[in-house]
Amino acid sequence: KKLISRLFNGIHYSAEKYNLKIVGGDTVRSGRLFLAVSMIGTVKKKYLIRRSDAKEGDIVCVTGNIGGSVLSGKHLNFTPRLKESQWIVKNLKPTSMIDVSDGLLMDLNRICSLSKKGAVLFKENIPVSSKAADFNSAIQDGEDFELLFTLKNDTKLPKKVPHTNTKVSTIGRIISGEGIYLEGKGRIKKLKIKGYDHFK
């Protein structure tokens, strides 16, 4: 009963904080506790940003730091970048956007594949978390829930999102062709797309 009470209080707190309505529910008997949650929302067409509209020459940007989420426990206690995404969409007009849930490489590859483009990442510009095991794990592990987005190359990017002070970094650019490349110390190499795969 104590666990159920804590669970309900957590759900109720989140629903109130983000103005969500809790509806429905399917109660079944099971030997183990499991939760399945579906969320549905709407967006005004003028604020709809797809993954498929990145253009050659666009800059690739990310909020916050990348990596170390599972090692630090951040994946269990994070603040969704709702205010940041709304400000970015209204003020910077991104050409594409996704959240980093399955790893920076995996999610950038989703943008590139749907946009039929490639990308070059600038190694020195990627804000790797101090909690990450190393650079490679940082760009592959996922569960960061940061925003990954592209902007026209003449867009003036602030160092932080106003009102939330969330850091924003330019980490690469969109190119023609396909594949994701890493540029660092004057060298460029093609990266293998690795990240969290839900079906492996």
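Buried means under 20% relative accessible area, exposed over 50% and partly exposed in between, with a 1.4 Å probe and protein chains only.

## Basis of the model

This is a predicted model, in which local features need pLDDT of at least 70 and side-chain atom pairs count only at pLDDT 80 or more, while totals for chains, interfaces and linings use all residues. Residues are numbered from 1 along each chain as its sequence is written, and side-chain values use heavy atoms, with hydrogens and water left out.

## Cysteines

A disulfide is a covalent bond between the sulfur atoms of two cysteines. Here the criterion is a pair of cysteine sulfur atoms within 2.5 Å, and the structure holds zero disulfides. Cys61 is in none, its nearest cysteine sulfur being that of Cys112, 13 Å away.

Cys112 is buried, at a relative accessible area of 3%. Cys61 is buried too, with a value of 0%.

## Helix α4

Helices (H or I, at least four residues) and strands (E, at least two) are DSSP runs, numbered from the N terminus. Helix α4 covers residues 104–115, and its 12 residues should span 16 Å at 1.5 Å a residue; the expected span is 1.5 Å times one less than the number of residues. The end C-alpha atoms of α4 are 16 Å apart, which agrees.

Cys112 is one of the buried residues of α4, which also include Leu104, Leu105, Met106, Asp107, Leu108, Ile111 and Ser115. Lys116 follows α4 and has a positive phi, near 60°.

## Ser96 in strand β2

Strand β2 (residues 96–99) contains Ser96, which is buried at 0% relative accessible area. Not counting residues up to four places away in sequence, Ser96 touches Ile49, Arg50, Arg51, Asp53, Ala54, Ile111, Leu148, Phe149 and Thr150; contact means heavy atoms within 4.5 Å. Among these, Ile111 is also a buried residue of α4.

The side chains of Ser96 and Thr150 make a polar contact of 2.6 Å. A polar contact is a pair of N or O atoms within 3.5 Å; within protein, one must be able to donate a hydrogen and the other to accept it, and residues adjacent in sequence count only if both atoms are side-chain atoms.

## Thr166 in strand β6

Thr166 lies in strand β6 (residues 166–175) and counts as buried at 7% relative accessibility. Its side chain has polar contacts with the side chains of Glu84, at 2.6 Å, and Arg81, at 3.5 Å.

Beyond four places in sequence, the contacts of Thr166 include Thr63, Gly64, Lys159, Lys160 and Val161. Asn65 is 101 residues from Thr166 along the chain, and their C-alpha atoms are separated by 9.7 Å.
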